[in-house]
Amino acid sequence: MANLLVFPDLPSLTQRAAELVLQTAQEAAAARSQFNLALAGGHTPRALYRRLTEPDLADHFPWSQTHIFWGDERCVPPDHADSNYRMAYEHLLRNVPLPADHIHRMAGEDPPEQAAQRYQAELGRHFGGRPRFDLILLGMGEDGHIASLFPNTPGIDDPDRWVIVVPHDSPPPPLVTRLSLTLPVLNAARRLLVLISGVSKAPALARVAQGDLSLPAARLRPVEDDLSWLADADAAAHISSAS
Ligand code: 6PG
């Protein structure tokens with residue numbers, strides 16, 4: 001499996017991920033005076049977000065040139081326990097000097113299709129057309145989903161939609177409608193980092209390594225070919241050296 005980096009545990013994975021995020025931010029800011037980052041939700045990236053607030057990294061981070069977006073959001077208010085915005089705010093955003101207008105939140109509190117269309121318009125304004133993120137952070141579910149692109153999600157690779165509504169009424173929880181960037185937007189990013197931790201992810205990661213395209217994670221094919229899988233030993237336990 002190309003670009004699979006295996007770490008003994010989540011803390012060591014988190015440290016490397018933080019170094020890669022900082023490096024990507026500094027490169028983007030130097031090259032284009034802007035760093036456009038899309039965050040992942042869920043539990044795995046929380047330690048990474050906290051790590052980025054620590055002075056040895058935060059003091060070298062180009063916050064004034066950084067714009068924060070989300071790869072997906074649950075259709076709940078921003079103060080809801082299931083909100084990816086709330087998770088990022090608590091673990092990262094409230095502790096770093098980001099200009100308020102650099103935080104581009106998906107409006108989970110709004111009617112989903114309206115929120116999706118408005119976010120797509122905001123992306124268009126910000127990027128001047130099709131969005132091309134400098135970095136998109138992703139986690140992966142036990143079913144091989146990324147962002148809120150689940151197996152059999154309709155519209156996952158619609159070339160005309162950058163943000164879709166995903167009705168979600170079956171595991172994994174939370175069973176709530178979501179908003180998600182589509183696969184073409186993920187694959188247009190300059191760099192993708194997928195953070196995967198825990199033995200529960202091992203079967204799906206093995207299927208991704210074998211190229212099982214029924215899993216959305218296996219369909220990550222960034223045009224710049226800059227895709228790294230950061231897994232801890234538990235998540236990589238089923239990966240054979242051959243794959
Ligand atoms: C979400 C996330 C989702 C997450 C995976 C892995 O909104 O739920 O964006 O794609 O990254 O489900 O979640 P964990 O990190 O909690 O295992």
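How many bridges join strand β4 to β7? Three bridges join strand β4 (residues 72-74) to β7, and the two strands run antiparallel. The structure is a predicted model, in which local features need pLDDT of at least 70 and side-chain atom pairs count only at pLDDT 80 or more, while totals for chains, interfaces and linings use all residues. Residues are numbered from 1 along each chain as its sequence is written, and side-chain values use heavy atoms, with hydrogens and water left out.

**View 1. The open sheet of β4, β7 and β6.** Three strands form an open sheet in the order β4-β7-β6, with antiparallel pairing. Because β4 and β6 stand at the edges with a single partner strand each, one side of each is left without a neighbour in the sheet. From one strand to the next, the twist averages 15 degrees. Strands (E, at least two residues) and helices (H or I, at least four residues) are DSSP runs, numbered from the N terminus. Two strands pair if DSSP finds at least two bridges between them.

View 2. Buried means under 20% relative accessible area, exposed means over 50%, and partly exposed lies in between (1.4 Å probe, protein chains only). β6 (residues 163-166) pairs with β7 in the antiparallel sense over four bridges. Within this pairing, V166 stands opposite R178, and L179 is the bridge partner of V165.

**View 3. Helix α5 across the sheet.** Helix α5 (residues 112-127) lies across β6 and β7 and runs at about 160 degrees to β6. Axes are lines fitted to C-alpha atoms, for helices over the stretch in contact, and angles run from 0 to 180 degrees between N-to-C directions. Contact means heavy atoms within 4.5 Å.

**View 4. The surroundings of the ligand.** The ligand is surrounded by 14 residues, and the closest are T44, D72, H145, A147 and K201. A residue is near a molecule if one of its heavy atoms lies within 4 Å of it. A polar side-chain atom of D72 lies 2.8 Å from an oxygen atom of the ligand. For H145, an N or O atom of the side chain is 2.7 Å from a ligand oxygen atom; for N84, the corresponding distance is 2.9 Å. The protein covers 88% of the 420 Å² of accessible area that the ligand has on its own. Accessible areas come from the Shrake-Rupley method with a 1.4 Å probe.

**View 5. G139 in strand β5.** G139 lies in strand β5 (residues 135-139) and, at 23% relative accessibility, counts as partly exposed. Leaving aside neighbours within four places in sequence, G139 is in contact with A40, H145, I146, A147, V194 and L195.

**View 6. Helix α7 and its cover.** Six of the eight residues of helix α7 (residues 202-209) are buried, so α7 is largely enclosed by the rest of the structure. These buried residues are A202, A204, L205, A206, V208 and A209. Their cover includes β1 (4-7), β8 (192-196) and β9 (227-232). After α7 comes G211, whose phi is positive, near 80 degrees.

Technical notes: Polar contact = N/O pair within 3.5 Å; in protein donor to acceptor, adjacent residues only side chain to side chain.
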